[in-house]
Every structure is written in C-alpha cells, then in structure tokens.
Amino acid sequence: MLFRSLVPVLAGLSLLALSGCAGFGKEANLGREAMMGMRITAEEAESLEQVLGGNPQDLAARARLLGYYFSGRRDPDHRHSEHALWFLNNHPEASDALRLYGRIEPMRDPDGYVEAKEIWLRLTEEDPTNVGFLWGAASFFTGSDTENSRRLLEQGEALEPSNPKWARELGQVDWRRARIPLGPPDPAAVGRALEHFERAYALSTASDRGYLLENLAQAAFRAGETEKARRYAEEALDQIPRDWNYGNRVHYGNLVLGRIALADGDREEAAARLIAAGETPGSPQLNSFGPDMSLARDLLAAGDSATVRRYLETCGEFWRMDRGRLAQWIALMDAGRTPDFRLQIKF
C-alpha cells in the first residue's frame, strides 16, 4: 500500500467520540476501535465476525475488523472492502472517523474501489451541501483521483470558506502533484500549493499553524520565495512544543535553511544544517517513510561525502524501516559511487 499519500490524512485524522459499542448513537469513536483492531489476533477476528453474524449493527466490532484487515496481509478475500462498503452504505456519516482505515485502494481491490467511488459520487450529488460527505469523498479520492478530490474540496471550501481544512487539503493535492519523484517538475502546482497552504495558515488558530510550517517552508523554497522559505523554516524550529509533529519541524526546518545556505555559497552552514536535520527525534512519517535526501544529494554533488555519510548514519536512529537502504547508500559512497536518492527527495 502506498502510505506516503496518506501522510496528511494521518496528520489530520479526526475521531468521533464514543457513544455506545453496539449502536451508533450520535457519534462513535470508531477510529480508535479500528486502530485497536490492527492489534487483534486471527482468533479474535473470527470471534468478532461471529458477533456480526448475530448483530450486523455492532459498529465497534465492525470497526475493529476493518482495522484488522486494513494491512492487506490478512485479507485474501477482500473482507476489508466488505466492511468498508457496509459502513459507506449504512453509516456514511462515520467516514471521518474511518477515513484512513476505510480507504479502499484501487490497486488492492479494483472492484471494491469502483463500487465505493460510485457510492461517494452519488452521495455528494444527492446532497451537495453536506460538508461531511464532501470531506469524506475528497479524502477517499486522495491519491487516486486528483480531479475529483480537488473538485470536492473546492466545493466544500465554498460552503465553509473560514474552515482551514479545505485549503490545507487543497495544498496537499497540489503539493503531491509537484513532488512526483520521477515525473517532470510542475512549477504551477508548486505555486498553487503555496497559495493554499498560506490561506490555511491565515485561517488557522495559533496552535494549529505549527502543523503547516514544514510544508510552507518547502513549498516556498521550491517556488523560489527564499525569504518566505527562510521565515517559515525558522518559525518551524521556534515551535517548541514536543508534539507528534516536532520531529518533522526539526527535520524540514533545518533542511530548508541548509538548502538556502548552500544556494548562498555557505557550504559550512549547509553541512551543519544537514547534521541537525538528521538529529531529529523522528516522527510517525519519518520513522516509516524515511528522511529527505535533497540537501544530502546537493552536498554530495559539492564533494562533501563525509557530512552525507554522517547524516545517513544518524538517520538510522529513527528510520528503522529502511530495508537496508542506508547501509547500501553508505557502501556505494565508500566505493566512490553516487547513490540514487530520487525516491527520497521530498522537495
């Protein structure tokens, strides 16, 4: 499964509050139930399936099964899609709580994806002012259908112009387009992403602005807005609270400042910023998908292999899911060869 496109979903995931296990009531904390389902055993999953046989409306049991089957390794018969489609048909209002775990990927289950797509399009056509449905549908199309996702987000923003989530997600749509690793650059997408992120920043509360800063700094750098990029990167590093996003701010704030320094000819400052970026404590995203290698690539091209080697070694402290890539890159550098970092270039 391609989780990189789900990073903004993970960052902005909202959970509805629990109000009874068997009944939906007003709201239910189904997202937490789905998360707990990722840790149950096969025997426990089978017991929950039997519970649903007697009570199909036991939403907590169904959400746990949704989480259990989410990884795909335990789902040869597409039971995940079965439960996701049940929620979509019977309780589409639960889509926000299940926006990660209820996603049906087209490569994993093409038929299930088509069925879910038809339901979401029907729901939003029949009730075009239902911002919950628009948000759920836009989230469903994230990473698989850019045009529908953009259209639905724009529709939602027109209904709720003061809600920053629409602008934030529109920014993510264009930022993903701008960062296709092996595709041609898209300067227009970079400019649109920066515009959306800045609009979301202006609409957000002070406590929420920190979550936008690394994207703002990266997009501004890519757009050639150096002073903006510097300001956003410095603000990211000044955001002291050690929340789940702290490691991302440390990593990308230093990388942006390092790339600015290297562009200004200050290789010593750039090297120091690369090491600082590698000393991040990590984050859910960095721990899974790894560090950004853009500044490392540029410093290696400038002949500073020692700093890049140290950076790779430091990144091993948080990137435990690298599948041996860090060691391979170090071995290539030690042999005088240049690693291919392209899939790890984030901005």
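Confidence is considered first. The protein chain has an average pLDDT of 89, and 92% of the residues score at least 70. Residues 1-28 have a pLDDT below 50, although this stretch makes 69 contacts in the model beyond near neighbours in sequence. Where pLDDT is low, the predicted coordinates should not be read in detail.

The pair formed by helix α3 (residues 42-54) and helix α4 (residues 59-69) may be examined next. Their axes come within 9 Å and cross at roughly 140°, and the crossing is left-handed. On the α3 side, the contact involves A42, A45, L48, E49, V51 and L52, which meet A61, R62, R64, L65, Y68 and Y69 of α4. Nine of the residues in this contact are nonpolar, none is polar and three are charged.

Helix α6 covers residues 110-126. Its 17 residues should span 24 Å at 1.5 Å a residue, and because its end C-alpha atoms are 24 Å apart, the model agrees with that expectation. The buried residues of α6 are G112, Y113, A116, I119, W120, L121, L123 and T124. An α-helix has 3.6 residues a turn, so residues three or four places apart point the same way. The buried residues of α6 pack against α5 (79-90), α7 (131-140) and α8 (146-159).

Helix α8 has 14 residues, and the distance from its first C-alpha to its last is 20 Å, close to the 20 Å expected at 1.5 Å a residue. Within α8, the buried residues are N148, S149, R150, L152, L153, G156 and E157. These buried residues pack against α6 and α7, and also against α9 (164-178) and α10 (187-203).

R150 counts as buried because its relative accessibility is 15%, which is under the 20% cut-off. Not counting residues up to four places away in sequence, R150 touches L170, V173, D174 and R192.

A further buried residue is located in a loop. F318 lies between α18 (305-315) and α19 (325-334). F318 has a relative accessible area of 6% and is therefore buried. Which residues are in contact with F318, leaving aside its neighbours within four places in sequence? They are G278, T280, P281, G282, L286, N287 and P291.

Methods: Residues numbered from 1 in each chain as written. Predicted model: local features only at pLDDT ≥ 70, side-chain atom pairs only at ≥ 80, totals over all residues. Heavy atoms only, no water. Helix = DSSP H or I, 4+ residues; strand = E, 2+ residues; numbered from the N terminus. Expected span 1.5 Å × (residues − 1). Buried < 20%, exposed > 50% of the residue type's maximum accessible area, 1.4 Å probe, protein only. Contact = heavy atoms within 4.5 Å. Axes fitted to C-alpha atoms, helices over the stretch in contact; angles between N-to-C directions. Left-handed = near helix turned anticlockwise from the far one by under 90°. Nonpolar A, V, L, I, M, F, W, Y, C, P; charged D, E, K, R; others polar. pLDDT = per-residue confidence, 0-100.
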